[in-house]
Number of protein chains: 2
Amino acid sequence: MSLLRTNVDVNTISALTIVRLSIYLRCVERLASLGIETISSQELARRFNLNPAQIRKDFAYFGEFGVRGVGYNVIELRSYLREILGLDREHRLVIVGVGNLAMALANYSRFTGQSFLIVGMLDANPDKIGMRTPNGLMVEDAGRLADIVIQRNVEIGVITTPASAAQKVCDDMASSGLKTILNFAPVQVKAPDGVLIRSVDLRVYLEELAFYLTHGIPEP
Amino acid sequence: MSLLRTNVDVNTISALTIVRLSIYLRCVERLASLGIETISSQELARRFNLNPAQIRKDFAYFGEFGVRGVGYNVIELRSYLREILGLDREHRLVIVGVGNLAMALANYSRFTGQSFLIVGMLDANPDKIGMRTPNGLMVEDAGRLADIVIQRNVEIGVITTPASAAQKVCDDMASSGLKTILNFAPVQVKAPDGVLIRSVDLRVYLEELAFYLTHGIPEP
């Protein structure tokens with residue numbers, strides 16, 4: 001029998017566990033699309049280059065999913081992972097700083113499934129306000145952020161401004177009541193306590209490749 | 001005395017260790033900019049929310065850097081980390097698929113320091129060829145990829161095409177002799193043995209935020 005634990009203590013779960021849950025979900029989606037019905041943690045690990053003990057440990061925070069000797073039911077596991085990650089409902093985002101990256105994200109949103117919806121594209125530059133974006137929105141005045149967050153039930157703020165504007169936008173997002181922020185500006189930004197900010201740092205990816213160019217490509 | 005090991009076995013080092021080296025480098029750059037001359041692993045860990053035992057273990061793969069009871073010399077450590085990550089020389093990149101994301105990366109390259117240089121922006125669409133990009137390059141025909149890789153000593157291929165074109169571009173990059181590829185297309189792409197591909201998956205970031213929106217923001 002499988003059981004999903006609803007009250008978990010987030011302070012006991014590392015951010016890496018959550019990233020892995022997201023990766024497990026992709027793997028399970030792939031299995032489901034292949035029509036595979038059940039899978040063991042060993043087989044899940046083998047197919048996707050993961051660690052079976054790690055998989056079991058990560059799942060154990062959230063309940064008991066598998067059946068001993070049989071493994072996981074793929075459809076059920078997908079549904080549990082979506083529920084754990086909070087993907088069983090829509091999260092609304094607002095993007096502040098409308099340049100090439102914001103436009104790319106507006107396109108990319110087609111691939112984030114039904115769980116995320118961009119409901120605002122904001123900029124402080126009067127020349128950009130009123131411009132149409134690829135997702136059918138019009139660029140609005142960044143000064144309206146607080147109103148838009150409340151009126152449209154926004155939960156996630158995305159910063160795509162130049163580095164110089166990022167801290168101010170983060171402060172505005174926090175004071176508008178946003179609790180989660182994703183920062184793409186190439187600068188360290190601090191959010192107040194109670195607000196979670198994550199930065200997407202593309203340098204890390206490039207530096208990993210540089211490492212392997214220097215020391216050799218690992219064997220598959 | 002500090003000592004940098006030059007021959008390391010990449011098969012014994014996890015990808016996460018390399019990501020952490022990249023994060024340590026950022027921390028050490030920050031310390032250097034603050035004029036701090038020496039730091040212990042405990043203090044480095046405390047300041048940047050890292051794990052001191054993990055830091056020592058990660059460094060141990062590459063040599064002996066610190067002085068017992070004194071800690072690391074910040075400038076020396078920065079220089080070692082740059083050398084380990086292969087950032088003490090320039091790596092040339094070519095971007096295939098010139099849309100909003102490629103344009104954003106062309107701008108972003110200003111922030112990747114002296115270690116990475118975009119030397120080509122390629123597209124298969126004849127309407128885009130000849131267009132000028134923010135980094136002063138002109139869009140070239142993707143059919144010229146193999147020539148450009150050889151003539152300009154390109155080491156890293158960046159895929160920013162739509163999902164449908166990504167696998168073909170990856171294959172072309174591998175047969176052009178590129179050994180490291182960074183994929184931004186929202187699709188799973190396979191590279192042949194001996195070629196390392198990493199995908200930047202923005203869904204993982206959004207899903208982590210959705211998790212915390214569902215279960216609560218962790219305490220600082």
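**Entry 1**

The model I am reading is predicted.

I then asked which parts of chain A supply the side that touches chain B. Helix 1 (15-33), helix 4 (74-84), helix 5 (100-108) and helix 8 (202-215) of chain A each give at least two residues, and so do strand 5 (91-96), strand 9 (180-183) and strand 10 (196-199) of chain A. Helix 8 of chain A makes the largest share of that side, with 14 residues. Sorted by class, the side of chain A that touches chain B holds 39 nonpolar, 15 polar and 14 charged residues.

**Entry 2: extent of the interface and salt bridges**

I looked up how many residues are in contact across the two chains: 68 of chain A with 68 of chain B. Between them, chain A and chain B bury about 6,600 Å². Carbon and sulfur atoms account for 68% of that area.

Next I counted salt bridges between chain A and chain B and noted eight. For one salt bridge I wrote down the partners: the side chain of B:R26 meets that of A:D201, at 2.6 Å from N to O.

**Entry 3: cysteines**

How many disulfides does the structure hold over all chains? I found zero. I checked A:C27, which is in no disulfide; its nearest cysteine sulfur belongs to B:C170 and is 18 Å away. A:C27 counts as buried because its relative accessibility is 7%, under the 20% cut-off.

The nearest cysteine sulfur to B:C27 is that of A:C170, 18 Å away, and B:C27 is in no disulfide. At 6% relative accessibility, B:C27 is likewise counted as buried.

**Entry 4: a serine in a loop**

Where in chain B does B:S176 lie? I placed B:S176 in the loop between helix 7 (163-175) and strand 9 (180-183) of chain B. Is B:S176 buried or exposed? B:S176 has a relative accessible area of 12%, so I recorded this residue as buried. Leaving out residues up to four places away in sequence, I listed what B:S176 touches: B:L145, B:A146 and B:V149.

Note on methods
Residues numbered from 1 in each chain as written. Chains lettered and ligands numbered in written order. Predicted model: local features only at pLDDT ≥ 70, side-chain atom pairs only at ≥ 80, totals over all residues. Heavy atoms only, no water. Disulfide = S-S within 2.5 Å. Buried < 20%, exposed > 50% of the residue type's maximum accessible area, 1.4 Å probe, protein only. Helix = DSSP H or I, 4+ residues; strand = E, 2+ residues; numbered from the N terminus. Contact = heavy atoms within 4.5 Å. Buried area = accessible area lost by both parts, 1.4 Å probe. Salt bridge = Lys/Arg side-chain N within 4 Å of Asp/Glu carboxyl O. Nonpolar A, V, L, I, M, F, W, Y, C, P; charged D, E, K, R; others polar.
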